[in-house]
Amino acid sequence: MAVRTLTVLIFAITLLPALVYPVSAYDIQDESLWIFQGAYELAAGNRAELEGFTVKVHSVDMDSAEPSAIVLVYHNRDFKRSFFTDASANSEQIYDNELKINVLGINSGIVSLETYKQKSERVWVTSVPKTNMKVGDTLEDGSYRVKLKEVGESGALVSIEGKNGVFEETYQSGSYRKFAGDFMIRVIYINPNTRDVSIETFRPGAPALTVDILTDKIVYGSNEDISYVLTLTNSGTIPLHGITMTTGSSAGMVGEPHLQQAVLDPLKVKKFIVPVRTPVTPVTRNILIESQVTGYDYMGNEYSEPASFEVQVRPYISIEKKVEAVRNSPKDTEMGTDGHFMITLTLKNTAGYRTTLEVRDELPSSMIPEGVEGTEWTMLLDAGATKEISYTAKPTEAGSFTFKPGTAQWKDGGETYIVESSPFTDAFIVRGSKVIIEKSIVSSYLYTGEMTEIVVSAVNAGNSNVRITLTDSVPEGLSLVSGQPLWEGDIEAGASKKISYVVKTISAGTVMLPAARADYTDLEGKQYSAVSDTPVIYIDDVLTTEHNQISTDAKPGSVNVQTGETPDIGNTELTRIEAAGFLLSAFITLFSLLAIIPALMYLAIRGVYR
Amino acid sequence: MEILAFIGCAMLFVTFALTVLFILIKISSRLAMLVLVAVPVLAVIIMPGTSLAFLSYRHFLFAGGLVPVNNFHILLTLWSTLAGIILYTEFLTWYLTIGKRKKAEGNVSGTSGK
């Protein structure tokens with residue numbers, strides 16, 4: 001019993017594929033065609049790689065009246081046959097009804113040929129999917145209009161109105177017809193009971209090519225390989241054949257400027273890596289890499305897509321600067337003035353020749369380089385070599401420091417080039433004590449006997465509280481009127497203390513005030529000192545006459561307030577007679593100069609008339 | 001304020017120049033020359049403070065601060081211009097007068113010779 005059941009089951013399974021018609025039914029979408037595989041221009045020795053076949057031009061004969069060539073055909077790398085071709089009678093050659101070579105022309109030793117392969121390929125794609133129609137219903141597909149006119153025992157009478165007029169035909173279930181190579185109708189099933197007819201239409205498909213370019217980065221060094229990945233996508237409905245990719249660059253070198261791909265099926269993606277090497281440049285420049293991808297459909301229609309990508313190429317000399325804060329003791333949680341900075345400059349030459357470099361590194365003014373004589377070096381950097389310069393810098397005071405980039409300068413072809421390391425964005429904070437002393441005068445221009453205020457301020461710019469003793473002194477030519485040029489006390493981090501005192505001018509002249517001094521001690525007991533600038537007071541004598549008038553009208557300070565301008569200070573020393581004498585002498589000088597020519601002419605004319 | 005000071009000073013100098021030119025045309029060139037020199041000199045003698053403050057007032061700094069332009073420089077320019085006008089006016093007047101006289105003398109001697 002079991003054996004019988006099993007036999008029936010096997011028979012049923014074997015019979016099932018035969019009953020399932022759609023499998024074979026959809027072969028109507030395929031066409032056995034000479035599929036265009038690509039157009040090539042080959043010289044003697046060149047070859048075109050197709051899918052499974054290789055076409056090679058063995059020799060070209062340009063001496064005879066009709067240029068000819070011997071073309072070899074390989075199948076799976078095995079030599080199969082040679083063809084004598086020319087551009088006229090022997091232009092079309094077919095191998096084993098699988099490969100067709102069509103020679104278009106032979107010029108200057110170059111054979112221009114097209115290749116085709118006999119292939120059954122899906123060409124027709126569903127345009128209007130399965131639709132149930134009743135008698136009188138109409139279905140439209142572009143410029144085609146399908147109308148079900150009648151359903152009888154002989155089949156369904158369908159009229160198709162298209163570009164070439166109206167065509168009527170009776171269809172059976174599963175029958176189809178193609179119109180002008182761009183439209184196909186198929187009657188899937190006729191239901192004799194309901195008189196419903198299922199119809200679908202097809203149209204020729206088309207490939208759709210998109211090209212994407214991807215590189216691993218956008219900034220490259222000189223003489224560096226670019227990972228240039230070209231991604232082809234066929235988002236169309238039928239395969240694309242005979243794909244050629246041409247890549248060029250505005251500078252640099254493309255390793256494989258021409259690549260080929262026999263076929264790209266619909267909805268398939270193919271990636272190509274094109275080796276591109278950046279040029280050797282002394283300055284940063286952009287290079288444009290351009291690709292042109294061309295393919296053909298089964299009819300030989302061309303589909304072309306350009307793509308480009310721009311990358312930046314850095315100079316062949318590069319410099320990198322690394323700064324590392326080294327604390328005095330590993331226990332320290334913060335960098336202090338007792339620590340130091342380890343600075344490393346890395347220089348690299350990617351060119352194919354050696355270069356002499358002048359390397360400079362500028363430190364913040366309060367830092368002292370240690371272990372080196374200076375922060376300028378001259379060095380020879382061999383082709384492809386990398387060198388390092390390391391030194392330490394000692395901070396002398398607290399604060400927030402930002403390091404400047406290191407620079408390398410060199411000459412190439414008579415021109416001087418310079419590169420900088422990447423700028424530092426982060427600031428290094430050095431903990432410690434730092435007091436800044438500033439000394440200022442309320443009025444710097446005074447007459448004898450006038451008073452002015454001198455202000456001394458101490459700013460704790462460090463990170464810890466300090467105990468400070470501020471001392472200042474009054475120089476000769478001035479006398480202390482009020483206030484004390486002395487102060488002692490504590491200043492918190494970030495705070496400031498200002499003291500002021502009033503002095504009176506005694507005698508005329510220029511008085512340079514001595515620097516105010518601050519001696520301070522931090523919490524750890526370390527002692528420091530700071531001094532201020534030395535401002536200058538200009539003291540003038542008032543005019544011996546008209547004192548009041550001058551002091552109100554000609555006093556430099558008052559003019560300054562009203563106009564923002566400062567009159568010449570020296571004038572105030574003149575007496576009225578001296579001033580008038582100066583004016584008169586100036587006028588006489590001008591007059592004499594102007595009178596020279598008229599006087600000479602007067603004398604000359606007088607002489608003539610006499 | 002600076003532009004106001006400049007406009008005020010310019011008005012004073014223009015008034016002074018017009019006064020001198022008026023005297024030159026309407027009264028006498030010698031009086032014009034006298035006024036030209038006497039007014040600033042007397043101003044300095046009578047009001048030294050005010051006058052010197054006025055003359056030393058700096059309007060501009062040319063050539064990156066190298067060349068200051070004070071009212072005194074403007075006064076010198078005015079002086080040289082007006083003194084030149086007066087001098088050459090005098091000289092041309094004399095020259096034209098002497099030429100006219102010689103011509104007249106020539107005509108007279110020619111008539112008497114006939």
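## Domains of chain A

Domain bounds here come from an automatic or database domain assignment. Keep in mind, too, that you're looking at a predicted model. With that in hand, chain A splits into domain 1 (27-121), domain 2 (124-204), domain 3 (209-313), domain 4 (317-423) and domain 5 (435-540). How far apart do the C-alpha centres of domain 1 and domain 5 of chain A lie? They're 98 Å from each other.

## A threonine in a loop: A:Thr278

Let's zoom in on one residue of chain A. A:Thr278 sits in the loop that runs between β23 (268-277) and β24 (285-296) of chain A. Is A:Thr278 buried or exposed? Its relative accessibility is 2%, and buried means under 20%, so A:Thr278 counts as buried.

One of its polar atoms lies 2.7 Å from the backbone oxygen of A:Gly221. The side chain of A:Thr278 reaches the backbone nitrogen of A:Asn223 too, at 2.9 Å. If you set aside neighbours within four places in sequence, the residues in contact with A:Thr278 are A:Tyr220, A:Gly221, A:Ser222, A:Asn223, A:Glu224, A:Ile226, A:Gly252 and A:Val313.

## A threonine in a strand: A:Thr469

Now hop along to A:Thr469, which belongs to strand β39 (residues 466-471) of chain A.

## Two helices in chain B

Over in chain B, helix α2 (residues 29-46) packs with helix α3 (residues 48-55) at an angle of about 125°, and their axes are 5 Å apart. Because of that angle, α2(B) is oblique to α3(B). Where do they meet? On the α2(B) side you'll find B:Ala43, B:Val44, B:Ile45 and B:Ile46, while α3(B) brings B:Pro48, B:Ser51 and B:Leu55. Sorted by class, this contact has 6 nonpolar residues, 1 polar residue and no charged ones.

What about α3(B) itself? This helix is mostly covered, with 6 of its 8 residues buried. Those buried residues are B:Pro48, B:Gly49, B:Ser51, B:Leu52, B:Ala53 and B:Leu55.

Notes
Residues are numbered from 1 along each chain as its sequence is written. Chains are lettered from A and ligands numbered from 1 in the order in which they are written. This is a predicted model: local features need pLDDT of at least 70, side-chain atom pairs count only at pLDDT 80 or more; totals for chains, interfaces and linings use all residues. Side-chain values use heavy atoms; hydrogens and water are left out. Axes are lines fitted to C-alpha atoms, for helices over the stretch in contact, and angles run from 0 to 180 degrees between N-to-C directions. Helices (H or I, at least four residues) and strands (E, at least two) are DSSP runs, numbered from the N terminus. Angles under 35 degrees count as roughly parallel, over 145 as roughly antiparallel, 65 to 115 as roughly perpendicular and the rest as oblique. Contact means heavy atoms within 4.5 Å. Ala, Val, Leu, Ile, Met, Phe, Trp, Tyr, Cys and Pro count as nonpolar, Asp, Glu, Lys and Arg as charged, and the others, Gly among them, as polar. Buried means under 20% relative accessible area, exposed over 50%, partly exposed in between (1.4 Å probe, protein chains only). A polar contact is a pair of N or O atoms within 3.5 Å; within protein, one must be able to donate a hydrogen and the other to accept it, and residues adjacent in sequence count only if both atoms are side-chain atoms.
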